[in-house]
Amino acid sequence: MGRPSALTSRQVNLALEVLVLAALLTGVSSWAVGDRWGGWFVVGHGVAGVALVLLAPAKLRGSVRTGFRRGRSTRWISAAFGVMVLVTVALGVLHATGLWSGVGPWSALWTHSLVGFALVPLFVWHLVTRPVRHRATDLDRRAVVRSGLLLGAAAGVYVAQETTTSLTGLAGGSRRGTGSHEVASGDPTQMPTVSWFDDRRPDVTDADAWQLTIAGRVVAINELRARTRPVPAVLDCTGGWWSEQSWDAVALADLLVDPSGHSVRVRSATGYDRLFGLDALDGIYLAVGYGGEPLRPGHGAPVRLVVPGRRGPWWVKWVTSVEPDDRPSWMQPPLPLA
Ligand SMILES: Nc1nc2c(c(=O)[nH]1)N[C@H]1C(S)=C(S)[C@@H](COP(=O)(O)O)O[C@H]1N2
Ligand SMILES: [Mo]
């Protein structure tokens, strides 16, 4: 096996920069892309994380020491950056193996994401103040071979970690390809409720008085209730858990016949909204219950979206309107920000 440390310190720095960037991009993408491709981003994310750890000793030996000897006053920021990268990877491993799932709202994955996002400004600062001057020789054949060996070694460690996790029966063994752990399938009473930090559950005292409009028509919750059928689907939160329920739901395609425009906007009472392409309507549902009982308030009562194959943020809760929209569905942030 090739020694990653055989890379020059400039090559190590370059590799670290590429790996941090790759880890950030694969991490965020794994949320945005949903079930179909999510697994590949999760694998890439894991391999990037392991490769960062494999390069850490070389980094410590090399530029950190010289940087510290030079005694730059900002060296503590650099050190903090390095520590945060390692903490982020460690939290990722704890989540992936299920060795630690977190305390209360601070799930291992959520904490991992928070530290990960927090290090972005430090990463940019590092790129700006410690630019790695690229040279043609940085990408010579030996460097390419050694980078390949490094990635191969990282992939090996990743596979070994995943295999050990399932063989030893750790909680991480029940993860889906998206990296999420199973929670309370078939038991909605135990299913977590998750909302963005700036979204508050609306007070719903009377479901029959709920104002829902679909393409300009007021639709009563009772009318929906009469048309539902059971739809088994997995809610997979970006916070790192999934839960399968049998949703009592109606397909949007049955409620919106020949919608105009380029997309459909589904809006919550809280203002939270998502756009969906017209071709997706067949596989998107409005649910009023699960397992034959009405939704609980935290789960979006009286009516929420069920979007099999897409991650939690698409599953708009407390829906008040479903309206054709002129914007194409890609004209929105990949994750809701409001
Ligand atoms: N209106 C609204 N809908 C929302 C959210 C939100 O913050 N506001 N969070 C989404 C996210 S990120 C997830 S994972 C699911 C969680 O659904 P649950 O609370 O029923 O588990 O709701 C989605 N729908
Ligand atoms: Mo979520």
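**Exercise 1. Find Ala 215 in this predicted model and say in which loop Ala 215 is placed.**

Step 1. Ala 215 sits in the loop between strand E4 (213-214) and strand E5 (217-218).
Step 2. Now look at the backbone: the phi of Ala 215 is near 50 degrees, a positive value in a residue other than glycine.
Step 3. With a relative accessible area of 42%, Ala 215 counts as partly exposed.

**Exercise 2. Decide whether Asp 258 is buried or exposed.**

Step 1. Go to the loop between H7 and E8, where Asp 258 is placed.
Step 2. Asp 258 is not a glycine, yet its phi is positive, about 50 degrees.
Step 3. The relative accessible area of Asp 258 is 72%, and exposed means over 50%, so Asp 258 is exposed.

**Exercise 3. Work out which residues Phe 117 touches, leaving out those up to four places away in sequence.**

Step 1. Start in helix H4 (residues 108-129), which holds Phe 117.
Step 2. The contacts are Val 28 and Trp 31, with residues up to four places away in sequence not counted.
Step 3. Compare sequence with space: Phe 117 and Val 28 are 89 residues apart along the chain, and their C-alpha atoms are 9.9 Å apart.

**Exercise 4. Name the residues that touch the most other members of the largest nonpolar core.**

Step 1. This core has 42 residues.
Step 2. Leu 224, Trp 247, Leu 286, Val 303, Leu 305 and Val 322 touch the most other members.
Step 3. Follow Val 322: its contacts beyond four places in sequence include Ala 215, Val 264 and Leu 286.
Step 4. Another core, of 24 residues, lies apart from the largest one and includes Ala 15 and Phe 81.

Definitions and conventions. Residues are numbered from 1 along each chain as its sequence is written. Chains are lettered from A and ligands numbered from 1 in the order in which they are written. This is a predicted model: local features need pLDDT of at least 70, side-chain atom pairs count only at pLDDT 80 or more; totals for chains, interfaces and linings use all residues. Side-chain values use heavy atoms; hydrogens and water are left out. A nonpolar core is a set of buried Ala, Val, Leu, Ile, Met, Phe, Trp, Tyr and Cys residues joined through side-chain atoms within 4.5 Å. Buried means under 20% relative accessible area, exposed over 50%, partly exposed in between (1.4 Å probe, protein chains only). Contact means heavy atoms within 4.5 Å. Helices (H or I, at least four residues) and strands (E, at least two) are DSSP runs, numbered from the N terminus.
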